[in-house]
Amino acid sequence: MTERVRWEELPAELRDTIQAHTGPVIASKSVASGFNCTVALEMHTRGNGRLFLKGVRTSDKRGMDGLLREERINSIVGGIGPAIRHRFDATGWFALAFTHIDGRHVDYGPGTNDLKAVADTLHRMHDLRAPAFPVPQLSDRFDVPLDPGEAEALHGTHLLHTDTNPHNVLIDQDSGTAYLVDWAMPALGPPWVDAAYTATWLMCLEQSPADALAWLAGIPSWQQADPRAVEAFVDVTCRDFTASVGAQDAAASNTRFRYLLTALRTQPGPHS
């Protein structure tokens, strides 16, 4: 379980630094789920209203790397993810204060009304410009050797989130807009990848494969997916997960990913 440090447990100097920018913190609540960080706080401040504070110790290399990636990419994902309002680096801690999304985690289960909002957000992501700083290709993250041609098939210039699990998708209670949070693992690749990941999450959370793939079929980028790239994506993902946890534990997830190949074969229209 990820360690969580509450507001009152942070060093006094860091709390003073934060409040110098946000005004006094009137109330705070630690968020237990999701987020690869040590500090995950919903804060009500007198000067800046509600904020979400995400932070790590500077000695936590993995956490620092992820949070610095989020900081660098934030200006590019405006309107897709919440904006950063402040950054703090003091007394051995690094933290970012984000605009608070007043909402709830997405519902991926049967009968949900959230999937149009998710599809709309994924569609808007197609217009995101590639960062001026290096972002790894999707193929770079796999720990297993790639077969000839797989890296080339997965090469792309579209900015991907790559982790659309329900903890990372928030539905705004007023607008109904879906926001993607936790941009710690961005990658470049084909534009349909986040939609494909999301379809497997729908199946994982008890949507039937037919319903999940029917939703996926409505995503414009998926309609134009190169079958060779989809096959490479599925094969590499399944090999990588099998190598990580073993064939038995990987079986259910791998089955969900292989349904993507079935969907592509039965989907009408050209693919390019």
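Strand β7 (158–160) supplies three residues to the lining of the largest cavity, the largest share. The structure is a predicted model, in which local features need pLDDT of at least 70 and side-chain atom pairs count only at pLDDT 80 or more, while totals for chains, interfaces and linings use all residues. Residues are numbered from 1 along each chain as its sequence is written.

A cavity is a set of points on a 1 Å grid over the protein atoms alone where a 1.4 Å probe fits but cannot get out, and lining residues have an atom within 4 Å of a point. The count comes to four cavities of 30 Å³ or more, and the largest has a volume of about 70 Å³, a volume being the space filled by probe spheres set on the points. Its lining includes L122, H158 and D194. Of the lining residues, six are nonpolar, two polar and one charged, where Asp, Glu, Lys and Arg count as charged, Ala, Val, Leu, Ile, Met, Phe, Trp, Tyr, Cys and Pro as nonpolar, and the others as polar.

| Element | Residues |
|---|---|
| β7 | 158–160 |
| α5 | 193–204 |

Helices (H or I, at least four residues) and strands (E, at least two) are DSSP runs.

Key:
Side-chain values use heavy atoms; hydrogens and water are left out. On a 1 Å grid over the protein atoms alone, a cavity is a set of points where a 1.4 Å probe fits but cannot get out, and a pocket is an open set with protein on both sides within 12 Å along at least five of seven lines; lining residues have an atom within 4 Å of a point.
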